[in-house]
Amino acid sequence: MDATNILPILKKRLAFLSGGKDRRSGLILTIPLCTEQTSMEELSSTLDYLLGIPSDKCKARGFTVIVDGRKSQWNIVKTVVLMLQNVIPAEVSLVCVVKPDEFWDKKVTHFCFWKEKDRLGFEVILVSANKLTRYIEPCQLTDEFGGSLVYDHIDWVNKRLVFEKFTKESTSLLDELVVINDSEKSSQLDKERPPDCNFLPSLDPETVLQTGHELLSELQQRRFNGAEGGGVAWSPMDDELLAQPQVMKLLDSLREQYTKYQEVCRQRSKRSQLEDIQTKVMQVVNWLEGPGTEQLRTQWGIGDSIRASQALQQKHEEIESQHSEWFAVYVELNQQIAALLSAGDEEDLVELKGFQQQLSDVCYRQASQLESRQNVLQSAHEFHGTAQDLSQQLDGLLGMLCADVAPADGAAIQQTLKHLEEKLKSVEGALVGLREKGQVLMDQMSNQTSWSYGKDVPIDNKDNVDHIQGVMEDMQLRKQRCEDMVDVRRLKMLQMVQLFKCEEDASQAVEWLGELLDALLKTHIRLGDDSQETKVLLEKHKKFVDVAQSTYDYGRQLLQATVVLCQSLRCSTRSSGDTLPRLNRVWKQFTVTTEERVHRLEMACSFHTAAEKVLVQASPDQGDLPVEVEQETYEEVETVGKALLDRLTVPVIFPDGSEQYFGSPGDMASSAEHIRDKMKLVEDRKLTLHEEDEEEEDIEQLQYQQLQYEQIHDQDEELQDDEELQDDQELHDEELQEVDNELQDGEELELENETDT
């Protein structure tokens with residue numbers, strides 16, 4: 001009986017094998033009765049299916065049946081127990097009727113199961129759910145009886161469906177494989193009878209094997225997990241319930257027959273491959289030795305231009321495209337032959353090697369000719385391309401040489417000359433490349449042969465060689481003519497470069513003179529703090545003028561060289577006519593400015609010399625007595641200083657009437673202030689010397705008055721005892737008082753003079 005036939009009844013869970021065992025290792029069959037009326041027919045079908053699952057060894061240990069009557073009536077329980085007598089009387093060892101908490105009515109006493117043990121063939125006990133563990137371990141009971149055994153009825157049903165499907169499919173497949181293998185074996189014994197290659201199994205062996213492996217893995221995994229689950233060592237998918245050995249046996253048989261079937265298929269494929277290979281080999285060989293060889297034999301030209309060589313290359317690509325299709329067949333055939341040779345079947349080795357050798361010889365020979373032709377065409381294309389590029393370069397170079405030269409400046413000439421040299425160098429490189437490519441092309445053509453009727457036939461390439469040599473000689477002559485013209489153009493352009501260089505340097509000399517003039521007016525403004533510094537400034541100024549003179553002379557020489565070059569080139573100057581007047585104008589301005597600078601420095605030197613003479617000779621700090629300074633020296637300092645101050649306020653007047661001042665107004669003011677300070681210092685020294693002379697005269701007068709005072713005082717001492725002269729004494733005292741007053745006035749005047757000094 002299959003599960004699919006009673007699937008709706010199995011899903012009702014009228015009875016089930018949970019996988020648990022009693023203390024005698026007998027299986028536990030559970031019949032959960034419900035409040036609804038239970039169909040005895042469906043229950044009987046369920047029991048028949050369930051009892052057909054365990055092995056005979058397992059059945060011999062007996063069943064323990066748990067009738068759960070907690071939700072059912074007593075008469076149904078009794079009917080079920082009596083039905084067990086008819087269904088499985090020999091396999092039942094114990095029937096445990098689980099009674100409800102509230103016991104049935106007294107009718108139960110009228111039927112004592114234990115008294116009917118001999119008639120029923122098994123023992124029946126009434127027990128409450130909490131006392132069921134007296135007979136069965138808790139780990140072997142499901143959770144509805146307070147046990148820990150896990151049971152999922154829907155999962156169990158699904159696994160049974162998978163198992164039965166695998167069993168059915170694998171059995172059917174085994175029968176088909178056996179028939180196919182036996183048929184192939186008979187055909188090998190009787191070689192005249194062709195094998196039946198259309199007979200194939202109805203199921204995919206790989207799929208069936210995969211299903212079986214998954215089922216076996218599930219069984220083994222559940223058993224392994226159950227053994228580690230803390231005492232739950234059995235489950236509904238245990239090997240004693242689902243016949244795990246049966247699955248393994250079917251898998252082994254199926255693998256064995258499938259292996260034989262694979263060998264049968266391999267032999268069939270091998271025979272088919274040999275026939276297909278032979279047919280394709282002959283097709284490839286016939287085409288390559290026939291139409292393929294004829295196509296190559298008629299194509300040996302190289303063309304006379306790049307366009308003609310491109311057309312020949314395109315034609316050759318079409319020929320290669322046709323050959324590539326047959327070469328692809330050759331590669332595929334070679335791989336197939338190599339795979340068959342690696343299989344090591346001695347009976348086919350000689351034939352396969354013969355096919356392989358014949359095919360390789362023809363294909364390699366044809367490929368070699370294709371490659372040789374492709375190389376010749378590629379070299380011809382490169383040769384014609386190089387010749388065309390060289391011809392264009394020579395045309396461009398000739399155009400440059402024939403055009404008039406009208407550059408804007410020396411840099412443009414240098415650039416043009418550089419471009420001309422690069423063009424010539426490029427032409428020389430292209431010509432060398434053309435010779436190399438021509439030689440390579442001729443070497444390739446000399447080694448070129450044709451395969452005709454199994455023999456190598458040389459090809460006459462005299463016309464092609466003559467064409468190549470003619471092109472190279474023509475390019476050499478054109479290049480030589482261009483070189484001669486380049487030499488003439490180079491000489492002329494070098495003279496023009498020299499002309500522009502002279503004009504540029506002359507303009508630069510003018511700019512330098514202008515910069516020197518600007519520096520003279522803006523930075524050469526100091527007149528020196530003393531005569532020594534002024535003399536140093538004069539020396540520096542002379543060197544500065546020498547530099548300007550050298551610059552002016554250099555500019556004049558450059559302009560003279562410009563005139564000579566223009567006459568040689570038969571062209572008028574563009575800048576020398578303007579440069580010469582500018583050079584002369586700047587030089588005149590510089591000359592006027594430097595003369596003014598020299599005049600000022602000389603006046604400053606005279607001023608400082610006179611002032612220093614006054615200050616040094618009149619200074620008492622020198623250790624010697626001051627020397628009297630002549631009045632003319634003072635006048636010279638004042639005259640030269642005023643003239644120098646007036647000179648600083650006067651601008652430099654150029655020959656064209658323009659004016660320019662030295663430095664900024666602040667710089668001139670600073671120089672003038674320094675001169676005024678020195679003039680004031682000389683004036684102060686003059687006043688000091690005059691005051692010192694007056695003080696000496698006052699001191700001599702005071703000394704004279706002091707002498708008179710002493711004489712009068714001596715007379716007073718002689719007349720002290722003379723009473724008669726008392727009146728005269730009083731008068732004398734008055735005179736003495738006047739002298740004292742005069743002496744005091746003289747001392748106060750002397751103190752004031754010292755204070756002023």
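Glu-596 is buried in this predicted model, with a relative accessible area of 12%. Let us start with its partners. Glu-596 forms a salt bridge with Arg-600, and the closest N and O atoms are 2.8 Å apart. Both residues sit in helix α15, 4 residues from each other, or about one turn of the helix. Arg-600 counts as buried too, at 4% relative accessibility.

Glu-596 also forms a salt bridge with Arg-647, again with 2.8 Å between the closest N and O atoms. Here Glu-596 lies in helix α15 and Arg-647 in helix α16 (residues 631-648), so the pair ties together parts that are 51 residues apart in sequence. Arg-647 is partly exposed, at 29% relative accessibility.

The structure holds 17 salt bridges, and three of them can be set side by side:

| Salt bridge | N to O distance |
|---|---|
| Glu-596 and Arg-600 | 2.8 Å |
| Glu-596 and Arg-647 | 2.8 Å |
| Asp-68 and Arg-70 | 2.9 Å |

Of the last pair, Asp-68 is buried, with a relative accessible area of 7%, whereas Arg-70 is partly exposed at 31%.

Back in helix α15 (residues 576-617), we also find Thr-594. Thr-594 is buried, with a relative accessible area of 8%. Which residues does Thr-594 contact, leaving aside its neighbours within four places in sequence? They are Leu-520, His-541 and Val-545.

Helix α14 (residues 531-569) has 39 residues and spans 57 Å from first C-alpha to last, close to the 57 Å expected at 1.5 Å a residue. At the start of α14, a side-chain oxygen of Asp-530 comes to within 3.3 Å of the backbone nitrogen of Gln-532.

Now for the aromatic residues. One aromatic cluster is formed by Phe-544, Tyr-552, Trp-587 and Phe-590. The structure holds 6 aromatic pairs. In one of them, the ring centres of Phe-16 and Tyr-151 are 4.7 Å apart and the planes meet at 15 degrees, so the pair is stacked. This pair links distant parts of the chain, 135 residues apart: Phe-16 belongs to strand β1 (residues 16-21), and Tyr-151 to the loop between β5 (123-127) and α6 (153-189). Both Phe-16 and Tyr-151 are buried.

Tyr-330 and Tyr-364 form an edge-to-face pair, 6.3 Å centre to centre with 75 degrees between the planes. Tyr-330 in helix α10 (residues 306-343) and Tyr-364 in helix α11 (residues 346-402) are 34 residues apart. Tyr-330 is buried, with a relative accessible area of 9%, while Tyr-364 is exposed at 55% relative accessibility.

How values were computed. Residues are numbered from 1 along each chain as its sequence is written. This is a predicted model: local features need pLDDT of at least 70, side-chain atom pairs count only at pLDDT 80 or more; totals for chains, interfaces and linings use all residues. Side-chain values use heavy atoms; hydrogens and water are left out. Rings of Phe, Tyr and Trp (its six-membered ring) pair if their centres lie within 6.5 Å; planes under 30 degrees apart count as stacked, over 60 as edge-to-face and the rest as tilted. Helices (H or I, at least four residues) and strands (E, at least two) are DSSP runs, numbered from the N terminus. Buried means under 20% relative accessible area, exposed over 50%, partly exposed in between (1.4 Å probe, protein chains only). The expected span of a helix is 1.5 Å times one less than its number of residues. A polar contact is a pair of N or O atoms within 3.5 Å; within protein, one must be able to donate a hydrogen and the other to accept it, and residues adjacent in sequence count only if both atoms are side-chain atoms. Contact means heavy atoms within 4.5 Å. A salt bridge is a side-chain nitrogen of Lys or Arg within 4 Å of a carboxyl oxygen of Asp or Glu.
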